[in-house]
Amino acid sequence: MKIGITLRGVAAAAAVSLTLVASGCGGGGESGGNEASPGAAGSEAAENANLAITFVPKNLGNPYFDTSDKGGEEAISEFGGKYAEVGPAEASPDAQVSYINTLTQQQVGGIVISANDKKAIGDALQEARDAGIKVVTYDSDTEPEYRDLFVNQATAEGIAKVQIDMIAEQIGDSGEIAILSASANATNQNAWIELMKKELANHPNIKLVDTVYGNDKDQESFDKTAALLQSHPNLKGIIAPTTVGIAAAGRYLSTSKAKGKVALTGLGTPNQMRKYVQDGTVKEFALWNPHDLGYLAAYATKSLITGEIKGTEGDKFTAGKLGEYTVGADNTVVLGDPYKFNKDNIDQFKF
Amino acid sequence: MASLTAPAEATTEAARSYLDHGAPLWRRVLLTREMAIIALLLAVIIVASAALPRFATPVTLGFLLLDVMPILLIALPMTCVIITGEIDLSVGSMVGLSSVLFGIMHQTGLSIPLAALIAVLAGIVGGAINGILVTAVGLPSLAVTIGTLALFRGLAVGLLGTTAITDFPRYWTQLAKAKIGDTGIPQVMIIFVLLVIIFAILLHFTTFGRGIYAIGLSPEAAHFSGIKVGRTKLILFILTGTIAALAGVYYTLRFGSSRGDNATGMELQVIAAVLLGGVSIFGGRGALHGVIAGVLLIGVLASALRLAGVTADVINIITGVLLILSVVTSSVLSWVQRRRARPRALSQGGSSAS
Amino acid sequence: MTSTEMLTPVEEGTSFSSRVGAIARARETGIVLAIAIVIIVTTIKNPTFLFSLDGWRDLLLTPSILVVLAIGEAIVIITRNVDLSVGSVLGLSAYLTGTLFIKFQGIPILAVFLISIVFGALLGLINGALVAFARVPALVITLGTLYAYRGIDVAWAGASLINASDLPPDFLALGTKTILTIPVLTIIALIVLIIGAWYMKNTRGGREFYAIGSDPAAAELYGLAVTKRVLSAFVVSGAAAGLAGVLYAARYGTVNSQAGLGFELDAVAAAVIGGVAIFGGSGTLWGAAFGAVLLLTINRALPVLGVPDFWQRAVVGVLIIGAIVLDRILALRQSRKLIEARDTAPAVVEMPVGAAEERGEGEEGDRG
C-alpha cells in the first residue's frame, strides 16, 4: 500500500496538473497568464479601456438569446472588443450568480445580462460594479440600483398591449384564455403579465383562467400546454410571451385536435414559428429583432466603458449602424416597437 | 451487511484496508489515502496559482469557499453515515426544503433567526424520518433516501412552485458573504471550523465514534459488543438532516434566493467528495481530513477551470472521472495488496492479512 | 437480504405455495388497481382525460419512454445493483439521434434506432465492466458516469439544440402516430416489455439474474457466470436508455443538453414502486412497467384534479416510501409464515437443532 499510495498520488497529481496547465495556459497555446482559453475575458488590453464584454443570457440553448448574443458579437467585433458568452443551462437566479462571480474574478470590462430575477443577483452585480465592471441589463431587468443601464426591447406597455390585441382579434374578443410564461421569477415576463391583466380590463368578455410556467424549457412548455388543454376544455386562446414557450406550444397544438380551435399567440422568432404559421396553427405573433437588441446592448456597454456616457437620463450615444440613441427615464434605452409577424411577411425574416 | 455493494461479498472484506499497527507512526500517518488526496490538493493549488495569475487572490479564495461551503458542511456528517455502511441521498433535497421553509417563514413575517430555526427543525424531523425508517423498520438506506429525496424535494417544490422568494434583508445576505478582514476568507468558515472540531472529537475521541467504525466493519459484531447500532445510526441521520438544513439557510442567504429546486444534485457532489476523500463505500474506513481535502480538491479544480474559461461541463466530466478513478484504483490496490500478501501469509504459516 | 422464496420447496398445489404465489402476484395487480382508480377518479372530474382521442393517446404515450427506462433499470436492480446513469445516456442518445438525422440526410429511421441502441449498450458496457471487473459498487460507478456522460453531452451539444424542424417529418410523426388508436411509441415499449419479461421468467439466463441478486456469494459458488451476467445487465440497461433516447427525440422533437436530466430517479422509483426490491432478487418487469405508468398517470392527473402539479414529486416520494415499507412488511410476514411452516412440517431432513435456531435468528436480525 505504501509504494502504491505514494506512486498513485504523484501520478494523479501529475495528471491533474497537466490538465490544468494545458487548459489554464489557454486553448490557443499562449503562455500562462495573459489570456485564458477562448470564451473568457481577462486580457489587460494595451488600450486604455477594457473592452472585454461578456453576455450572460437567461440560459444557454435558447434560440432567442443565440440570436441576440450574435448581434452583440457583431457589434463587439465592429468596435474591436472581446466577446464572450456564458450562462447556466437552467434559467434560475442562483445559477447566474456563480457566473457573475467568475466574471468579477476575471475582471472583464462589461457584463451584459438578462436577469432571471429582479433582486437575487443584485449582490453579485454590485460586487462586480465595485470592482469597476460596467453592468448593463438587456431583455430582462433587475432593480435599477444594481445596474448601470437597461436596454429594453420595447416599452413593457407596448409589448403587453400588442399581445392582448392579437388574442382578442383571434378569438373574437370573448372566451377563456391562459398564459404560458417562462420562469416564475423572470422580471420581463412578470412585468408584461401584470400589464396584460390591466389591459384585459378593456376586454370584459375575455377571462384569464390560468398562468403556467414552462421555465424556458422546451419539454416542460410542451407538457404544460398539454396540461392546460386537459384542465380547461373550454380554452379559446393561449398567450405565450416567451419564444421557447410559443414554439413548444405550437408544436403540441399542431398535432392535436385543438389545432385551429385554440388560438396561439405571443412572442416568437420567425424561424421557429414559420411551420406553424404556414399550417394554420398560429395566425399572428409578435417580436422585435433580438439581433438588434444584442447589438444595441453591446454598443451601450462600450459607451459606458469608454466613459462616453454615464448612463443617466439624457445621455446620447451612437450604436453603430442603428444610429443614435438617448437614455430615457430609469436609465433605460428602448430599442423600438414590437413587430407583428404573420403569413404574409414571415418569409422575409431569417432569425 | 453492506447490501448494495459488489456482487461477490467474498471480496468486500478484502477490498478494505486495515491500519497496519506494526508500522512506525510516521508511516501510519503519512502513507495513507488521505495524505495522497491532501498532496494532490496542494499540487493542484500550486499549479493553478502558477498558471492562472488571478487564482491566488483573496477574491478567488473567497468565492471558492463560499461556493463550496454547503458541501463542506454536509460532508462532515455524511462521512460518519457512510462509514457506518449506510448512505443518505436526501441531503440535497433537504437543503432545498430548508431553503423554501426559511424563505416562506421569513416572508410571513418571522425574523431571520427564527425562520432559520424552523428550517433547522425541519431538518431534524427529516433526518429522523430517514433514521427511523432505516433502523426501526429495517429498510435499506439507499431505497429510503431515494424516497425521501423525492419527498423532500417534492415538498419544497410543492410549497413554492417555481417562484423564488428573493426578498431578504441586505444585512443578512451580506453577512453570509462577509469576509474576515482582508484575507478573503468568509466569516462563515468560523462556523465550519467549529463543526470540524466537534466532528473530529466525536469521530476519533469518543466511544460513539469508535462505535461508528465498528458498525461499518461489522454490524453484527458491533451489536454483540454492546454498541447500540440502531441508536447510533438514528443519531447520525438526524445530524445529517440538521446540518443539511443549516446549509440550506446559508445557501439561501448567500444566493439571496429561496427556490424549490435549490441545490438539486448536491447530494451527488457531497458523496463524490466524500468518496474521493478516502472514505470506503463499504464502510468502516475513512477520516475527516481526507474528506475536507476531497471537497476542497473538487472546489479548487472547479474554480481554477472556471477562471480559465473552461466550461462547466468539463468540470463535471472531470468530477465524474475522478470519482470513478479513485474508487477503482483503491479496489485495484487492495487486489494487488491481497496478491502480495498471499505468498507472505503462506510463508509465515498463515497470518491474518487476507 | 436473502429472498426467502429460495427456502420454499416448490410443491405444486399445496395451499401454502399458492398463497405465496398470490402474495407475489398481488403486487402487480395492486398497481394496476391503483392506476385504474387514478384514471377513474380523474375521468369523473373531466371526461376528456380518457374519453377523447387526445386524452387516450396522451395517456398511453407519456409513460412509454419511462417504461423502457424502467425495464432496463429493473433488470439491473434485480441483480442487486443500480444504474444511475440512464438519464445521461438517454440525453446522449437523443442528441445522437438528432445529429445523425442532420448530418446524414435521408438516413433510414431503422438505422438510427439501431445505432442509438448500440451506442447506449456501449455506454452501459463501460458501467458493467467497471462494476463487474473492478468489483466496485454500482452506486458509485454509475454516479461517476452520470456526471461524466452528462458532461460529455453538454460539451458536445454546447449551447445548440436540435430543433423539431431539423428532424425528418416521418420520424417526428412516429411520436404521435397511432395504430388502431394505440400510439406507435407505446407499441414499441410493449414489445420491449413482453420480450424482456418472457426472457426473465422463462429462460435460464433470466433466472440467473434473480439468483445473483438473491445471494451473490451462493450464485458464484454454484458456478453461475456472475461477471458475465452483471455485465449483460448493464449492457441491457444502457441499450434500453439508448432506445428511450430515440423515443424522446421522436416525442419532443427538440433536444438540448439537458434532455433526460433526472430521469434516472424516476426509473428507479418506477421499479421500486412496481415491486422490484432494491436489494435484488425479486420483482418483475411487468411491475416496473406498471410502476412507470402509475407514476406518470398521477403526474398528468394532478392538474386535472385541481392539485398544482408542483406536488407531483412529493407524491412520488410518498409512493416510493410506501412501496418499500410494504415490501418489508410482506417480506417479514412471509418469512414468519415460512418459519412456522418449517417448524410445524413433518421432519423430513435431519438438522441439528442448533443450526435451525441460528437460521431463525439470522432471518430477523439480518437487515442487509
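Modeller: Let us begin with secondary structure: helices (H or I, at least four residues) and strands (E, at least two) are DSSP runs, numbered from the N terminus. Chain B comes to 15 helices and 2 strands. Chain C likewise has 15 helices and 2 strands, while chain A has 10 helices and 14 strands. This is a predicted model, in which local features need pLDDT of at least 70 and side-chain atom pairs count only at pLDDT 80 or more, whereas totals for chains, interfaces and linings use all residues. Residues are numbered from 1 along each chain as its sequence is written, and chains are lettered from A and ligands numbered from 1 in the order in which they are written.

Colleague: How is confidence to be read, and where in chain C is confidence lowest and highest?

Modeller: pLDDT is the predictor's confidence in each residue, from 0 to 100. Chain C averages 84, and 87% of its residues score at least 70. Within chain C, the lowest mean, 49, belongs to helix 15 (residues 353-365), and the highest, 95, to helix 3 (residues 64-78). For the model as a whole, the scores are ipTM 0.79 and pTM 0.81.

Colleague: Which residues of chain C stay under 50 in pLDDT?

Modeller: Two residues are in contact if their C-beta atoms, placed from the backbone, lie within 7 Å. Residues 1-6 of chain C stay under 50, and the model has 13 contacts for them beyond four places in sequence. Residues 360-368 of chain C also stay under 50, with 9 such contacts.

Colleague: How is burial defined, and what share of each chain is buried?

Modeller: A residue is buried if 20 or more other C-beta atoms lie within 10 Å of its own, exposed if 12 or fewer, and partly exposed in between, with C-beta atoms placed from the backbone. Of the 351 residues of chain A, 58% count as buried. In chain B, 58% of the 354 residues are buried, and in chain C, 54% of 368.

Colleague: Why is helix 14 of chain B described as largely enclosed?

Modeller: Helix 14 of chain B is largely enclosed by the rest of the structure because 19 of its 20 residues are buried. As to its length, the expected span of a helix is 1.5 Å times one less than its number of residues. Helix 14 of chain B (residues 288-307) reaches 28 Å from its first C-alpha to its last, close to the 28 Å expected. Gly309(B), whose phi is positive, near 85°, follows this helix.

Colleague: Which residues touch the most other members of the largest nonpolar core?

Modeller: A nonpolar core is a set of buried Ala, Val, Leu, Ile, Met, Phe, Trp, Tyr and Cys residues joined through C-beta atoms within 7 Å. In the largest, which has 335 residues, Leu69(C), Ala70(C) and Ile71(C) touch the most other members. The core draws at least three residues from each of domain 1 and domain 2 of chain A. Leaving aside residues up to four places away in sequence, Ala70(C) touches Ala267(C), Ala270(C), Ala271(C), Ala288(C), Ala289(C), Gly291(C) and Ala292(C).

Colleague: What are the bounds of those two domains of chain A?

Modeller: Domain bounds come from an automatic or database domain assignment. For chain A it gives domain 1 (52-153 + 290-336) and domain 2 (156-287). Their C-alpha centres lie 28 Å apart. In the contact between them, 16 residues of domain 1 meet 12 residues of domain 2. Helix 2 (residues 63-78) of chain A gives the most to the domain 1 side, with 3 residues.

Colleague: How does one read an interface between chains?

Modeller: One counts the residues on each side and sorts them by type. Chain C places 51 residues in contact with 48 residues of chain B. Helix 6 of chain C gives the most to the chain C side, with 14 residues. Ala, Val, Leu, Ile, Met, Phe, Trp, Tyr, Cys and Pro count as nonpolar, Asp, Glu, Lys and Arg as charged, and the others, Gly among them, as polar. By that scheme, the side of chain C that touches chain B divides into 38 nonpolar, 6 polar and 7 charged residues.

Colleague: How many residues does the contact take from chain A and from chain C?

Modeller: That contact takes 17 residues from chain A and 23 from chain C. Helix 7 (residues 218-231) of chain A gives the most to the chain A side, with 7 residues. The chain A side divides into 6 nonpolar, 6 polar and 5 charged residues.
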